[in-house]
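Dear colleague,

Please find below the structure that I am handing over to you. My findings follow after it.

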Amino acid sequence: MENMEEKIEGSLQFAPKELLQWSQWQLLDSVLPTGGFAHSFGVEAAIQARLVSGPEDLRTFVIHILENTGSLLLPFVYTLNTSPNVETWYKLDKILDATLTNEVSRKASISQGSALLRVAAAVFQEVPYVKTMREMSLASGAVRFHHAPIFGLVCGLLGLNAETCQKAYLFITMRDVVSAATRLNLVGPLGAAVLQHQLAANAEDLSKKWMNRPVEEACQTSPLLDTIQGCHGYLFSRLFCS
């Protein structure tokens with residue numbers, strides 16, 4: 001581990017702040033091919049289970065997803081954002097892998113995390129730490145590449161502060177869930193945009209509630225949603241991976 005840290009630290013270089021700001025915006029762009037739109041966060045399974053059948057149900061469902069995301073995943077995002085190093089990443093990746101007992105969400109987390117780190121290593125070349133870290137981690141096989149820790153790690157390396165990073169994670173979660181609902185014909189494109197705007201106030205409240213918490217306080221607040229998402233693999237016909 002020490003040898004890996006030395007090699008990675010040797011690859012560090014600091015890009016101008018102005019350039020990093022453009023990278024920060026690109027990280028949140030839906031065009032970035034990180035695989036988020038391949039997952040519905042349980043919306044597809046919830047529709048088939050009759051838990052969600054219209055825009056009002058969807059609104060409630062998204063709020064619960066944001067609550068679950070804030071309580072369970074923001075601590076991992078926060079810790080890696082404030083301590084973006086290999087040792088902390090490996091430790092938290094293992095903890096999250098053991099915490100996600102839902103196989104569907106666990107595989108989705110690994111898939112999205114792997115894609116995010118691959119894209120970040122290729123795109124954000126002004127921070128070579130990312131590419132070096134990915135190559136060495138792939139060679140060692142010591143990490144599963146879960147999404148939340150990697151998102152916090154990349155945000156930290158790109159200079160996003162802890163508050164912005166955690167709000168950004170809630171934002172991309174809300175964006176991807178609403179997008180999935182649109183493709184499932186639960187709500188139209190314009191209605192989806194209106195809904196996402198209306199949910200901003202809920203997201204802000206939840207970010208304040210769960211922000212800056214240590215990993216030891218990570219928890220599930222909506223276990224029913226976790227159970228519903230776990231049923232996704234049993235769907236006879238499905239559009240999304242999770």
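Predicted model: local features only at pLDDT ≥ 70, side-chain atom pairs only at ≥ 80, totals over all residues.

Residues are numbered from 1 along each chain as its sequence is written, and side-chain values use heavy atoms, with hydrogens and water left out.

Helix packing. Helices are DSSP runs (H or I, at least four residues) numbered from the N terminus. Axes are lines fitted to C-alpha atoms over the stretch in contact, with angles from 0 to 180 degrees between N-to-C directions. The axes of H5 (residues 74-82) and H6 (residues 86-99) come within 10 Å and cross at roughly 170°. The two helices are therefore roughly antiparallel (an angle over 145 degrees). In this contact (heavy atoms within 4.5 Å), Phe 76, Thr 79 and Leu 80 of H5 meet Thr 88, Trp 89, Leu 92, Ile 95 and Leu 96 of H6. These residues divide into 6 nonpolar, 2 polar and no charged.

H6 also packs against H8 (residues 129-140): their axes come within 12 Å and cross at roughly 50°. From H6, Val 86, Trp 89 and Tyr 90 take part, and from H8, Tyr 129, Met 133, Ser 137 and Ser 140. Here the division is 5 nonpolar, 2 polar and no charged.

Aromatic pairs. Rings of Phe, Tyr and Trp (its six-membered ring) pair if their centres lie within 6.5 Å, and the count by this rule is 4 aromatic pairs. One of them joins Trp 22 and Trp 25, with ring centres 5.1 Å apart and planes at 75°, so the pair is edge-to-face (planes over 60 degrees apart). Trp 22 and Trp 25 lie 3 residues apart in helix H2 (residues 17-27), about one helical turn. Trp 22 is exposed, at 58% relative accessibility (over 50%, 1.4 Å probe, protein chains only). Ring pairs also link Trp 89, Tyr 90 and Phe 145 into a cluster.

Loop residues. Most residues other than glycine have a negative phi. Asn 185, however, has a positive phi of about 60°; Asn 185 lies in the loop between H10 (162-183) and H11 (189-198) and is exposed, with a relative accessible area of 71%. Asn 212 likewise has a positive phi of about 60°. Asn 212 sits in the loop between H12 (200-210) and H13 (223-230) and is partly exposed at 41% (between 20% and 50%).

Yours sincerely

Key:
Parallel < 35°, antiparallel > 145°, perpendicular 65-115°, else oblique. Nonpolar A, V, L, I, M, F, W, Y, C, P; charged D, E, K, R; others polar. Phe/Tyr/Trp six-rings, centres within 6.5 Å; stacked < 30°, edge-to-face > 60°.
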